[in-house]
Amino acid sequence: MRHGLFAAALAACLLAGVPAGAQEKSGSKPGFTLPPGSAKILLIRPSITVGAQSTGGMFEPNADWTAQARDNLGAALAVAQQGLGNAVIVAEEPIGPAATTLAGYRALFSVLADSVIRYQFFPGNRLPTKKRKGAFKWTMGPGVAEIAKGTGCDYALFIFDEDQYGSTGRKLLQVFAAMAYVTVKSGEHRGYAGLVDLRSGDLVWLNADQQMGGDVRTADGAQKRVRQLLENFPGSTPTAAPAAR
Amino acid sequence: MPRLRRFALLGAAAVLGIAASVPRPPLPPYAGAYEPQSVDERGLWMQLDEAERTLRDSAFVVKDATLTGYVRAVLCRTVGVERCMGTRVYVIRDPEFNASMTPNGTLVVNTGLFMRVRDEAELAAVLGHEFAHFEQRHGLHRFQHSRSMTDVAAWMGVIAASGASYQIRSAAVDVSHSTIGSIFAFNRDEEREADMLGAKYMLAAGYDPKALPDIWTRAMDEADATSFGRKQKSHRYDRLSFFASHPTNLERATYLRGLVAGMGQGDTGHDALRTAIKPLRGAFIADQLKLNDFGGTEYLFGQLAGDAWDAELLRARGDLYRARGNPRDLVSAAGFYAQAIALDPADADAYRGLGLARLRGGDAQGAEALKRYLALRPDAPDRAMIQALLP
């Protein structure tokens, strides 16, 4: 019995590794298009954390790198606005009950994005209700309209970015571990961007990349990163994206 | 130590150009508008500042200015006004017994703490302990120590997987285990240090010394009551587990009792605490009941009541027994509700509980109590459901 369980666990581990390569990176609500110049988009304060990865794999937050990334990504997003073809308005920090509402929806979005990544982008792991081909049915509920009250925005854009740069020690460990036939991953670069329809609360587009390029600590790298984050953005014409360079 | 020395050298080099003076020790983190210094400290503060933005706007924060102000006043009395200026206080709706303080000065107090501290002196003991973590930069030291130890463990892992001899690989595994143990041992040492500094503050503020060990004695009693209620084995307090983040409650109670031995009585602030939590106690009790912890909750209510059960606690005890719902529990619950009603004849919820307990126990007289409930609370949200139970 114990042996059988062990074999099953081993098989599960091996199988889990296979579809990871086939994982999807983005999805959008069927039939959703955003004609250029038609919408006002509210940009919610992006969640950005940049740091190093220690030899043992711990995250070491770095204040300077994070500040650089915040500046660089902000500038790159401003440039990319032209590529989006729509007006992007940076959300102001609310006070009082509005702050609690926004905090609640930010938290809800991070859960939603994680769920989409886990249960939609990973075809082998789809929930029974998400199995129909081409279906992309996720919503935050119409109450989300409250976070854009008075701004006249049609959509809300949420951005998350986390970068861990492998330290010298980590890279050395990687080399030596490879000699002992052990795979060590150095660095981690994850991010997602999602667009929510503020009238219905539906998630209309999500792009999630667990291995992104571009060094966000530099202006050029940040532009590359933003291009990757906004890849397949509904309504961005293929020619508009290179123009953002 | 080498790290400190290196900092000292760097500092000396920086001031050499201006004046050949001895470098000053770093400012304490509570100093007015303190800015974190090293790369690690700045990174940690950046992350915690971001987390505090989320915490500040969280729906779990109890936005009660009176209670938060009271906690702040106790903290300021304990550690002094100058020190407490560098902190922000958040009361979190969480029925577990806990409080925490981050390296950037965010003090988080669970509502469950208010149910378990007997008086202001005990609250001061907990706040003093948490503040000591902040003042001594424990969060930063833990981060740095954990990083060093996981670095060593990673290298040992590579050696253990290499083609080295059996002796070497076996030694590498041993070293790796010790580094993991060291992370937790380091944590426990800092907890002891925070206990000592916190005790110093709390005693200097004139609070009752007995409060220091008493919290831990009752924490053990409550844990035992919980285990007994769940038919589990009681915790062991005579030895440490490998992964323990804190010394055992017994160890803390013992060394703190030793510390305060022979000290006279101090200010307990018993009534001040009771007055401060009174308006919210009903909500705290409701959260405690939802923990589904019969033994622990029964112990806690007994502690809160002392030798005088008030109507609110009697009703809560009735709710606890009615939720467990054995036939004998329903009889007990009805008794507690009746006592609550005797003390406060206008307690609508006690009538509701009495009626439901009696009906469930097969006593048709429960309908009378439910009618009384509806009469006392005309806008009852469950009016339709209750009416369906009436003949």
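**View 1. Residue A:V79 in helix α2 of chain A.** A:V79 lies in helix α2 of chain A, where helices (H or I, at least four residues) and strands (E, at least two) are DSSP runs numbered from the N terminus. A:V79 is partly exposed because 16 other C-beta atoms lie within 10 Å, a residue being buried with 20 or more such atoms, exposed with 12 or fewer and partly exposed in between, with C-beta atoms placed from the backbone. The C-alpha atoms of A:V79 and A:I41, which are 38 residues apart along the chain, are separated by 15 Å. The model is predicted, so that local features need pLDDT of at least 70 and side-chain atom pairs count only at pLDDT 80 or more, while totals for chains, interfaces and linings use all residues. Residues are numbered from 1 along each chain as its sequence is written, and chains are lettered from A in the order in which they are written.

**View 2. The contact between chains A and B.** Chain A contributes 23 residues and chain B 20 residues, two residues being in contact if their C-beta atoms, placed from the backbone, lie within 7 Å. Elements that give two or more residues to the side of chain A that touches chain B include β3 (47–53), α2 (63–84) and α4 (168–179) of chain A, whereas α3(A) gives the most, with 5 residues.

**View 3. Helices α3 and α6 of chain B.** Helix α3 (residues 65–79) and helix α6 (residues 120–135) of chain B pack at an angle of about 70°, with their axes 9 Å apart; axes are lines fitted to C-alpha atoms over the stretch in contact, and angles run from 0 to 180 degrees between N-to-C directions. α3(B) and α6(B) are therefore roughly perpendicular to each other, a term for angles of 65 to 115 degrees. Residues B:V74, B:L75, B:T78 and B:V79 in α3(B) meet residues of α6(B), among them B:L123, B:L127 and B:F131.

Terms used
Parallel < 35°, antiparallel > 145°, perpendicular 65-115°, else oblique.
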